[in-house]
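These notes are meant for a colleague who is opening this structure for the first time. Please keep the sequence and the 3D view at hand while reading the numbered points.

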Amino acid sequence: MGVLDGSSGLTEVRFRYLITWKPSGGYRPRSAESVHIAIIIAVASVRGGPTLAALADYQICVLASSCKLRIILQMKRGSFAIQRGSGGPTAVEAHSGQSFDRHSHDEYGIGVMLAGAQRSWSGRGTVEAIAGDVITVNPGEVHDGSPIGESRRWAMLYVAPGLMKTIALDIYNGDRGDVVFSNPVVRDSRAAGRFAAAYASITDREEIDAADERLTLLIAGMIDYSPRPISVACSSTARAKARIDDDPAGDHPLDALAQEVGTGRFQMLRGFARLTGLTPHAYVVQRRLDLARLMLRQGVGLADAAIGAGFADQSHFHRAFTRRYGLTPGNFAAAMR
């Protein structure tokens, strides 16, 4: 492991970055050229990410395991490691003291608190999770999160709804494909053990053959057989939500939403927050982030994703993304490549 100075070739500004080799499966870099290639990849991974003024806050670590690269972003307040499986879940391991604003994910999340503790709110209530607890989140579920103490460390697997449906149909013998996690925190050492096994098989090349069965066993143990609670919000408020869902990049002024609902602005605000857990503006921002994340997964550039999702400019997109997810859009895009 060594700290090197280098330039991306795209700018005259030179900055520091860290390269860490973690060989596995008998793989070894064969020459100095191999190391040079890794350096180029590391530098390229921050294109469109943090600005040059903010690069001092980051160290870029590249862990090489055969042909798979795992990008780790080490920040002053912690770190995020993201590893995207081929057609499988996205694995995230994080250590952070950041408090996250209310936001949602477009995927299912299953994880374990590894150290420390956190307090979070969602439509399922306010809960606290400590080391060893299993934590869950449903797609579109609005939630936040703050450390209890200085920081906390956790690992997550994010599962796309399509993959979750396929697994659920298998578990239910084709009878149903819907999955709802009813408990945001589960204190069960067996569930934590199943998560650890699934996470290891998804992130470790030597364990990859066991990934499908371990993920299935994890989800089977976590599935809730009770139906999703039916919202008591009136259908007129749901029309305002549907208007935003149909065109998140469009303009949705408060007056227009209130007219859609057929009430005053205050009544619409209160009903909308009861239905979604967010104000209309916050919900618009979240749906735009969902759209932008989808475009980034598809390889769309940062600027095009920001404009295409309806953000005024890339700086607004950058701030909204970082406040909710703890990493920059550029970091996320690099991990999705």
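1. Contact here means heavy atoms within 4.5 Å. On that basis, of the contacts in the protein with a separation of 6 or more, 61% are accounted for by residues 24 or more positions apart. The model is a predicted one, in which local features need pLDDT of at least 70 and side-chain atom pairs count only at pLDDT 80 or more, while totals for chains, interfaces and linings use all residues. Residues are numbered from 1 along each chain as its sequence is written, and side-chain values use heavy atoms, with hydrogens and water left out.

2. The secondary structure comes to eleven helices and twelve strands, where helices (H or I, at least four residues) and strands (E, at least two) are DSSP runs numbered from the N terminus. Of the 337 residues in the protein, 47% are buried; buried means under 20% relative accessible area, exposed means over 50%, and partly exposed lies in between (1.4 Å probe, protein chains only).

3. Rings of Phe, Tyr and Trp (its six-membered ring) are paired if their centres lie within 6.5 Å, and planes under 30 degrees apart count as stacked, over 60 as edge-to-face and the rest as tilted. The count by this rule is ten aromatic pairs. One of them joins Y108 and F181, whose ring centres are 5.7 Å apart and whose planes stand at 80 degrees, so the pair is edge-to-face. This pair links distant parts of the chain, 73 residues apart, with Y108 in strand 8 (residues 108–122) and F181 in the loop between helix 2 (161–171) and strand 12 (185–186). Both Y108 and F181 are buried.

4. F272 and Y283 form another edge-to-face aromatic pair, with 5.5 Å from centre to centre and 75 degrees between the planes. Here F272 belongs to helix 7 (residues 265–276) and Y283 to helix 8 (residues 280–297), eleven residues apart, and both are buried. Elsewhere, F311, F317, F321, Y325 and F332 form one aromatic cluster.

5. A charge sits over a ring if NZ of Lys or CZ of Arg is within 6 Å of the ring centre and within 35 degrees of the ring normal. R102 lies over the face of W121 in this way, at 3.6 Å from the ring centre, and the charged end of R176 sits over the ring of Y172, 4.9 Å from its centre.

6. Where does S120 lie, and is S120 buried or exposed? S120 is in strand 8 and is buried, with a relative accessible area of 17%. Leaving aside neighbours within four places in sequence, S120 is in contact with G125, T126, V127, D144 and G145. The C-alpha atoms of S120 and S146, 26 residues apart along the chain, are separated by 6.3 Å.

7. Helix 6 (residues 254–261) has A256, L257, A258 and V261 buried, and what covers these buried residues includes helix 5 (235–246), helix 7 and helix 8. Just after helix 6, G262 takes a positive phi of about 85 degrees.

8. Finally, helix 8 and helix 11 (residues 329–336) pack at an angle of about 40 degrees, with their axes 9 Å apart; axes are lines fitted to C-alpha atoms, for helices over the stretch in contact, and angles run from 0 to 180 degrees between N-to-C directions. Helix 8 and helix 11 are therefore oblique to each other, as angles under 35 degrees count as roughly parallel, over 145 as roughly antiparallel, 65 to 115 as roughly perpendicular and the rest as oblique. The contact between helix 8 and helix 11 is made by R293, L296 and R297 of helix 8 and P329, F332, A333 and M336 of helix 11.
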